[in-house]
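Tutor: Let us read this structure together through questions and answers, going from one side chain to its wider surroundings.

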Amino acid sequence: MGTRWTHPGSSLLVLLYYGQLLPWLRIVGDPSLDVYYNETGAKLFLQFYDQTANTVLKQFMEATWNYVTNITKPNREEMLQKELERSQFMKYFGTQAYLFKIDQLQDPAVKRMLSKLQDIGKAALPHDELREYNKLLAYMETTYSLAQVCLDEGPCMPLEPDLEEIMATSRDQKELLWAWEGWRDSVGRQLRPIFWRYVQLSNKAAQLNGYKDMGDLWRAKYESDTLEQDLEQFYQELQPLYLNLHAYVRRALHHHYGPELINLRGPIPAHLLGNMWAQSWGKILDMVLPFPEKPPTDITKIMKSQHWKSEKMFEEADKFFTSLGLLSAPPNFWKKSMLERPTDGREVECQTSAWDFYTGDDFRVKKCTEVTIEDLLSIFHQMGHIQYFMQYQNLPVILHEGANPAFEEAVASMITLSASSQKHLFSTGLLGLQHQDSEEEINFLMGIALEKIAFIPFSYMVDMFRWKVFDGTIQKDIYNQEWWNLRLKHQGLCPPIPRTEDDFDPGAKFHVSANVPYMRYFLSLVLQFQFHEALCNASGHVGPLHQCDISNSKMAGKILGDALKLGSSRPWPEVLKELTGQSDISTKALVTYFKPLMNWLVAENVRQGEILGWPDFACSFEERSTNKVALLGLQMKPDHVTFGQWVLLVLSFVMFLVVLGLAYRLYFLEKQSIDQDSMKLSTPPYIYFLGVPMEPRQAARRQWILLGLCFILMLCVISLTIWIFTHHYRKPPWMTPKW
């Protein structure tokens, strides 16, 4: 691609903006325009973009990394500044790319890169609105990252690891409810007032790029005219798996929590499934194990007994890829990654992620690693992303992404299917036995299903919700209501306590607060099994798909590496065919993987007389009492309510005494004034006001004053009543929507 710029800095950007680096791009409207905007000019234009984009993107990634690994105001300002520079850079080149007549060019690679360059995303916004949008996005993500839930008398807990640990291990529904509600109060409620503005600016950016709304822009990344119909078809094909799993898990929870919490014909309360968002249910495997007399080996316990550390976990994942004949992580990875939560007091964003810094040798992972089997598999997943980054480094920077947004996730998740197999765990010394009997096999598949099958409807509905928000189908005054309508419809879940439009439960999910599209996870769920089946066949595996481990297969590694090297240089159906031999996405491999478990679930549900689905679809809260009691619209602890009631009783008694005293005074003064009538009424007529004789005009004026005071007092009482209802977790009864 020619000589790389080594020190472009801001002066290079100035040259670019004023057209002095690319002089032919200054001639918009010139009669000889076609001389410069031909195929040769396009290639030269793309070459200059590639030479400069690496530096601009690297500076932006460094500033963002510095912020999320050390959340401070100066780092935030630096990140916002670099984001602004990146947007200006993209806007400049995107605008120039539109001057080329793509349909008249011949080279498909040039046409593809120019088309990608024309889509500049939020950089299309006017300068002031772009700054506002960037600050809004930074605020939303930071609010999520720094949120904590505090005990009444004790420490405050962040999401990772404290609240997640409670959701995963506690079996006390009141404790689970405390964590569940507290997290949503700490995050969702903070984002509720500003989310509508985020939607406005997102849609404006999309429309400036030629799309109807931001959902339309997100969908365009898949280059498919039938995307929504295809997604619906995949969802319907997988629904029987979920319905059978849901019914089985519901009965197991009913056995543990009883009919007060679980209706065998209804939805499941969302806080009982071992995860803050009920998107994966693996942490309640002990409660739903098909054959409890044969529990799976506690891999986490073995890892700790063998003194595994975070670096060893990453080294094990790296070794998996090198066994396939693929690339090893470069030295910079081990020097610059954040593999554990820092102990130096820095505030960091612990959401796990993989990073490409556009230098060809700088790739990093950010993770607050805990020594658990779940984190080990998460590390394999992240190293799958890193492998993808390394494989497509020889492509122009505009093509540094997966074949479509789901491909990177699918490749990364596919790796964990091998890493979690009995065969691979045995090879790493984490299992003593390689083979399973039929009952152990069902237990193993149940553990995988609680992660994968349980995730199907959640991964599908998150962006179904946001797409409807972006296109205006869901208005801002019913965000939370429609969120739970979709969760009930697709997941068969309901909130454990009543929710209102003061809440914003979608915002309690990182990808919503961080503006990350989610449909990629649904599609990757299907694709990962399709990839896994193809590579298992290439490796020579014989037997059930869930027993396959592709490690050490150079043939599987070559097929995978060749596909990853393509990045987004070709349409994804072509890349899919390179990898699997098929050009269409299919759910068949996923269904095949879980077939033994599905057969067992169907038989078990028939034996128990289970109802699939949730015909009793209403969410009931009467039996879901918490440790709080209402007093004047406030949710308080019982002892605080008792104290408040005594205070009210004392105040009422004092007011009673005051009224008695006033009544006695009126009676006494009236009696006294009657006895003295002959003296007092010898002068012009007097009337009594609060027992005091005075002239009629003076009494009337005081009566008006008293009436005004009473009116003001009445308004104060009404205002106080409305304030109590609107500021303490619920609306006035006449404003509350019936859910």
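## Reading the model

Student: The backbone oxygen of which residue does the side chain of Asn244 reach?

Tutor: A polar contact is a pair of N or O atoms within 3.5 Å, where within protein one must be able to donate a hydrogen and the other to accept it, and residues adjacent in sequence count only if both atoms are side-chain atoms. At 2.9 Å, the side chain of Asn244 reaches the backbone oxygen of Pro240.

Student: What kind of model is this?

Tutor: Residues are numbered from 1 along each chain as its sequence is written, and side-chain values use heavy atoms, with hydrogens and water left out. Local features need pLDDT of at least 70 and side-chain atom pairs count only at pLDDT 80 or more, whereas totals for chains, interfaces and linings use all residues, since this is a predicted model.

Student: Is Asn244 buried or exposed?

Tutor: Buried means under 20% relative accessible area, exposed over 50%, and partly exposed in between, with a 1.4 Å probe and protein chains only. Asn244 has a relative accessibility of 6%, so it counts as buried.

Student: Which helix holds Asn244, and which residues is Asn244 in contact with, leaving aside neighbours within four places in sequence?

Tutor: Helices (H or I, at least four residues) and strands (E, at least two) are DSSP runs, numbered from the N terminus, and Asn244 is found in helix H11. Contact means heavy atoms within 4.5 Å. Leaving aside those neighbours, Asn244 is in contact with Met598, Leu601, Val602, Asn605 and Leu612.

Student: How far apart are the end C-alpha atoms of helix H27?

Tutor: The expected span of a helix is 1.5 Å times one less than its number of residues. Helix H27 has 14 residues, 595–608, and should therefore span 20 Å. This agrees with the distance between its end C-alpha atoms, which is 20 Å.

Student: What arc do the buried residues of H27 cover around the axis?

Tutor: The buried residues of H27 are Leu597, Met598, Trp600, Leu601, Glu604 and Asn605.

Student: Against which helices do the buried residues of H27 pack?

Tutor: The face of H27 turned away from its buried side carries the exposed residues Lys595, Val606 and Arg607. The buried residues, in turn, pack against H11 and helix H19 (438–452).

Student: Where does Ala278 lie, given its positive phi?

Tutor: Most residues other than glycine have a negative phi, and most peptide bonds are trans. Ala278 is not a glycine, yet its phi is about 55°. Ala278 is buried, with a relative accessible area of 0%, and lies in the loop between strand E3 (268–269) and helix H12 (285–288).

Student: What is the angle between the planes of Phe195 and Tyr198?

Tutor: Rings of Phe, Tyr and Trp (its six-membered ring) pair if their centres lie within 6.5 Å, and planes under 30 degrees apart count as stacked, over 60 as edge-to-face and the rest as tilted. By this rule the count comes to 39 aromatic pairs. Phe195 and Tyr198 form one that is tilted, with 5.0 Å centre to centre and an angle between the planes of 45°.
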